[in-house]
Amino acid sequence: MEEKNHVKEAFTELAPSYSNTMDKELIQFWGISYPKFVESLVNTAAVKSGEKVLDIATGTAVIPLKLISCNNHQDRVVGLDITPAMLMQGRKVIARNGVTDTIDLICASAMDMPFANGIFDVIICGLGTHHMNVPKMLLEAKRLLANNGRLIISDVGATPFWRSLMGKMLLRLLMVQYGFVNRSARSQAEIEAFQNVRTAQEWSALLEGFGFVKVHIDEIKPRLPWFPSGLTLQAEIAI
Ligand SMILES: C[S@@+](CC[C@H](N)C(=O)[O-])C[C@H]1O[C@@H](n2cnc3c(N)ncnc32)[C@H](O)[C@@H]1O
């Protein structure tokens, strides 16, 4: 999947109400609030003092902010995102929290990141991969990670039901109906992203194919079979 204008348009529209919208959607899909989701992702990343962190698709910088507040992480955290409006929102919150010296926000694509090789110990990506060309993003993540660097991704995933004949037919119908009723850039972006959602097994094979090791995947069960599940992936790179 290449970058589509729908993604930037969608998140430009969504930026002012981003956290509230996520909260409603995550409660609807998984029965957990957005703050709980972020807390759990940051706990999984278990960043240690001195580690250099990149948060891909950082959006309004909620993950970097949580990282520095809950881990007492004093080192700089870099957040990267393709949508300027999301970053602008993030910059306001960072300034309000007085942590402009700790978080750097960069506007760029995850498929072509403006950093030197091997400079990050931890790369995090929350709720972003389904909008990306994932193989290109993984190549970039691999290039940027130091030896034994860790990749932690948490995003929507497909359930085995999505791969059954009945699941495929039902989801196609639901997507057509969703696209018909909702004509916003957000719904277009989500419909495009639908093709890009993977099961835990598909993720595992992909990560291993790119040379990641110690792949571990936890699943957040969806509230209904046709909703996406939540997948939290952890992997390491050994150079
Ligand atoms: C659902 S938000 C996730 C924001 C944040 N990580 C969080 O957990 O709240 C998805 C973000 O991915 C960003 N995004 C989509 N495609 C991207 C790409 N190719 N490169 C960088 N960011 C991208 C969007 O701009 C948006 O801010």
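Leu127 is buried, with a relative accessible area of 12%; buried means under 20% relative accessible area, exposed over 50%, and partly exposed in between, with a 1.4 Å probe and protein chains only. Leu127 sits in the loop between strand S4 (120-126) and helix H6 (134-144). Helices (H or I, at least four residues) and strands (E, at least two) are DSSP runs, numbered from the N terminus. The phi of Leu127 is positive, about 60 degrees, although Leu127 is not a glycine. Most residues other than glycine have a negative phi.

Before I go on, this is a predicted model, in which local features need pLDDT of at least 70 and side-chain atom pairs count only at pLDDT 80 or more, while totals for chains, interfaces and linings use all residues. Residues are numbered from 1 along each chain as its sequence is written, and side-chain values use heavy atoms, with hydrogens and water left out.

Lys214 belongs to strand S6 (residues 212-220). Is Lys214 buried or exposed? Lys214 is exposed, at a relative accessible area of 63%.

Staying with strand S6, Glu219 is placed there too. Glu219 is partly exposed, with 42% relative accessible area. Between the C-alpha atoms of Glu219 and Arg76 there are 30 Å, and along the chain the two are 143 residues apart.

Now the ligand. Which residues are closest to the ligand? They are Tyr34, Ala57, Asp81, Thr83 and Gly126, out of 21 residues that surround the ligand, where near means that a heavy atom of the residue lies within 4 Å of the molecule. By class, that shell holds 13 nonpolar, six polar and two charged residues. Here Ala, Val, Leu, Ile, Met, Phe, Trp, Tyr, Cys and Pro count as nonpolar, Asp, Glu, Lys and Arg as charged, and the others, Gly among them, as polar.

On the backbone side, a polar atom of Ala110 is 2.9 Å from a nitrogen atom of the ligand. The ligand taken alone exposes 600 Å², and the protein buries 98% of that; accessible areas come from the Shrake-Rupley method with a 1.4 Å probe, and for residues only the protein chains shown count as cover.

Next, strand S7. Thr232 is found in strand S7 (residues 229-237), and Thr232 is buried, with a relative accessible area of 10%. What joins the side chains of Thr232 and Ser154? A polar contact of 2.8 Å does; a polar contact is a pair of N or O atoms within 3.5 Å, and within protein one must be able to donate a hydrogen and the other to accept it, with residues adjacent in sequence counting only if both atoms are side-chain atoms.

Glu236 lies in strand S7 as well. At 17% relative accessibility, Glu236 counts as buried.

Last, helix H6, which contains Pro135. Pro135 is partly exposed, with a relative accessible area of 30%. From Pro135 to Ile63 the C-alpha distance is 23 Å, and in sequence the two are 72 residues apart.
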